[in-house]
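Visitor: Please show me the structure, and then I will ask about it.

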Amino acid sequence: MNYKTITLVLVTILFIYNVIIKFLMKSSTKRSVPENVRDVYDSEAYEKWQNYSAEKINNQLYGIIAQYAVFMILIVFDVFALISRYVGENDILQAIAILAFYELVTGIVDTIFGYTDTMKIETKYGFNKTTKKTFFTDRIKEFILGFIISFGLVCLFVASYIIFKNWVLLAFTGIIFLLILLVYFLTPVFAKIFNKFTPLVEGSLRTKLENLLNKNGYKVKEIKVMDGSRRSTKANAYFSGLGKTKDIVLYDTIMDVLTEDEIVAVFAHELGHGKYKHIIKSYAMGLFQVFLIVVLSWYLVSNFGIVRDFGFRGRNYGFMFILVFSVALPYISSLMSLITKRISRKFENKADEFAKKEGYGEYLISGLKKISRANYSNLNPHPVIVALEYSHPPLSQRIANIEEKK
Ligand SMILES: [Zn+2]
């Protein structure tokens, strides 16, 4: 069997797996809701949620089918090799052409189904605030960022391969990890490309948040409100910054939905993550995953013969990147998810328990219920989906955990 056949088989297995997941998701919309979260939706809202979920899942299913069909066509007919032959001999030009083409094709398919999701379904159920203009500018920004990142990664890898030779695995893993840290620090900068931030006005909420952080040995650098309502009615909040100095970001939508004490409860939970060093531990798990991906990339680059099975005459770094990220990465991350998501769900329970210890248990429960209502969350996801994909335990389990821990 050659590598092309193996790739087609792997992609097909992945496709079947994703379709099964969507069917399990659909079946969960019909299951009955656990006792302790029955008050989140009234019966009319719940029926609306069921229809909303079914429509979204169907759209995702069509998206998966379309992406699969496109990828199969590109591979079966050696389209990537044809493009690279058209571009000529230069390695870098070939990588640019192939990556730009791939980003463009997948970007168009994603945009079509993303458009239905955001502009049709989310609008129909009253969540969407995105204008057509914002939607398309976001997509273009994403395409440019995606291309720069993927092309940058290929260049970095090729450079480390040439410079570090036998040490390439270690060197490249180190480089990628530094990049991940860099992205972490740059996320607030990236966020400014997509959103506007204004400082939270002086007042009791500000004082309460500052007191909570100071009491636990943290300093607040800034508390900012983000204009999440420009895109969606969905609510969220987060910390940024490593170490003891934190920026707090509140979506303007969360301020409409939650009371002051409930907002503080959400941050008590976030603080729990900081106290128990969850963020650093997650990064360590991420580093291991990066290492596996680098090993795979190295294997593909070192075995030039692989790409011959796809119609290439010589090596091709751009195509290697596509194989790694579209075929190998989903396998690695699905397998790793089983472990990392499980640990992550444990972390969430620990953070909830911390918020309870700080005296915010009841506020956290009522806050989480309101956020679930505002975000139209699934109250009873299929246990298989929870195991595979949920970084947070389902609401009813979180509430049970908060209530039970003394
Ligand atoms: Zn959390």
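Predicted model: local features only at pLDDT ≥ 70, side-chain atom pairs only at ≥ 80, totals over all residues.

Visitor: Which residues coordinate the zinc ion?
Guide: Donors are N, O and S atoms within 2.8 Å of the metal (3.2 Å for Na, K and Ca); water is not among the atoms, so sites may look incomplete. In sequence the donor residues are spaced H-x3-H-x74-E. At 2.0 to 2.1 Å, the zinc ion is coordinated by His269 (NE2), His273 (NE2) and Glu348 (OE).

Visitor: Is histidine 269 buried or exposed?
Guide: Buried means under 20% relative accessible area, exposed over 50%, and partly exposed in between (1.4 Å probe, protein chains only). Histidine 269 has 5% relative accessibility, so the residue counts as buried.

Visitor: At what angle do helix H6 and helix H10 pack?
Guide: Helices (H or I, at least four residues) are DSSP runs, numbered from the N terminus. Axes are lines fitted to C-alpha atoms, for helices over the stretch in contact, and angles run from 0 to 180 degrees between N-to-C directions. Helix H6 (residues 168-194) and helix H10 (residues 278-302) have axes 9 Å apart and pack at an angle of about 135°.

Visitor: How many residues in the contact of H6 with H10 are nonpolar?
Guide: Ala, Val, Leu, Ile, Met, Phe, Trp, Tyr, Cys and Pro count as nonpolar, Asp, Glu, Lys and Arg as charged, and the others, Gly among them, as polar. Contact means heavy atoms within 4.5 Å; Phe172 in H6 and Trp298 in H10 are among the residues that meet. One residue of the contact is polar, none is charged, and the nonpolar ones number 16.

Methods: Residues numbered from 1 in each chain as written. Heavy atoms only, no water. Helix = DSSP H or I, 4+ residues; strand = E, 2+ residues; numbered from the N terminus.
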